[in-house]
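Thank you for making time this morning. I would like to walk you through one model, beginning with the whole chain and ending with a few individual residues, so please keep the structure open while I talk.

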Amino acid sequence: MKLGRLNHIGVATPSIEQSIAIYRDLMGADVIRAPFDLPEQGVKVCFIDTPNSQIELIEPLGPDSPIVGFLAKNPQGGQHHVCFEVPDIVAARAWFEGKGARILGPTRIGAHGTPIFFLHPKDMGGVLTEIMETPKDAH
C-alpha cells in the first residue's frame, strides 16, 4: 500500500457558522458546501474546498458526540484529523491490521458517502488519521 491523496483536514468547531465566516472572510474561501447532519457519527459537517483538498468543519450534534471531549480540551476548536484516500478500503484495513495499527471502530460510511475508518493517534505519530475509499466521481 502507498500513501494516497490528502482528501481533507478535519477541524472541530463549536460553531460551523462562525468557522465558515473565518474561512470566507479572512481566508477568502469561495466554495463552501452546505452544512449537513451526520447523525450516525454524532456531528454536523461542512466542507470548504481549497485548490488541492478540503477543510471539513465538524460540530457536535449533541452531548454524546465523539468530538465533545476534544472541544472540552480545545474550546475554540482546532485540527481534529487528517484524511487520506485509498483505492480499496478493505485492502487498506487488512494492510493496517497486518502492520499492527489500531483501528478505531468498524469501517463505516463517512461524510463523502464512501467507506472510512480511523487509525489510533498513538500509531500515527499523535495524529488521528482517517482512511477513506476514493469517491468514484472524484478528481
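Turning to the protein chain as a whole, we have 3 helices and 8 strands, and if you follow the sequence they come in the pattern β-α-β-β-β-α-β-α-β-β-β. The radius of gyration is 15 Å, which agrees with the value near 14 Å that a compact globule of 139 residues would have. Along the principal axes, the C-alpha atoms fill a box of roughly 45 × 35 × 25 Å. The accessible surface comes to about 7800 Å², with 57% of it belonging to carbon and sulfur atoms, while 40% of the 139 residues count as buried. If we take the contacts between residues at least 6 apart in sequence, 52% of them join residues that are at least 24 apart.

Now to the sheet. In what order do the 8 strands of the open sheet lie? Reading across, the order is β2-β3-β4-β1-β5-β8-β7-β6, and the pairing is mixed. At the edges stand β2, residues 36-38, and β6, residues 103-109; each has a single partner strand, so one side of each is left without a neighbour in the sheet. From one strand to the next, the twist averages 25°.

Let me take the part of the sheet around β4. Strand β3, residues 43-49, pairs with β4, residues 54-60, in the antiparallel sense over 7 bridges, and within that pairing lysine 44 stands opposite glutamate 59 of β4. Helix α1, residues 16-26, lies across β1, β3 and β4, and runs at about 155° to β4.

Strand β4 also holds glutamine 54. Is glutamine 54 buried or exposed? Its relative accessibility is 15%, and because the cut-off for buried is under 20%, glutamine 54 counts as buried. Leaving aside residues up to four places away in sequence, glutamine 54 touches Asn7, His8, Ile9, Phe47, Ile48, Asp49 and His112.

That brings me to strand β7, residues 115-119, which is mostly covered, with 4 of its 5 residues buried. On one pairing, β7 runs antiparallel to β6 over 4 bridges, and here proline 115 in β7 is the bridge partner of isoleucine 109. The hairpin of β6 and β7 has 5 residues between the strands, and in that hairpin glycine 113 takes a positive phi near 80°. On another pairing, β7 is joined by 4 bridges to β8, residues 129-133, again in an antiparallel arrangement, and phenylalanine 117 stands opposite isoleucine 131 in β8.

As you look along any of these, please bear in mind a general point: in a regular strand the side chains alternate between the two faces of the sheet.

To leave you with the picture, this is a predicted model with an open sheet of 8 strands, with β2 and β6 at its edges and helix α1 lying across β1, β3 and β4.

How values were computed
Residues numbered from 1 in each chain as written. Predicted model: local features only at pLDDT ≥ 70, side-chain atom pairs only at ≥ 80, totals over all residues. Heavy atoms only, no water. Pairing = 2+ DSSP bridges. Helix = DSSP H or I, 4+ residues; strand = E, 2+ residues; numbered from the N terminus. Axes fitted to C-alpha atoms, helices over the stretch in contact; angles between N-to-C directions. Contact = heavy atoms within 4.5 Å. Rg over C-alpha atoms; globule rule 2.2 N^0.38 Å. Buried < 20%, exposed > 50% of the residue type's maximum accessible area, 1.4 Å probe, protein only. Areas by Shrake-Rupley, 256 points an atom, 1.4 Å probe, with all protein chains shown as cover.
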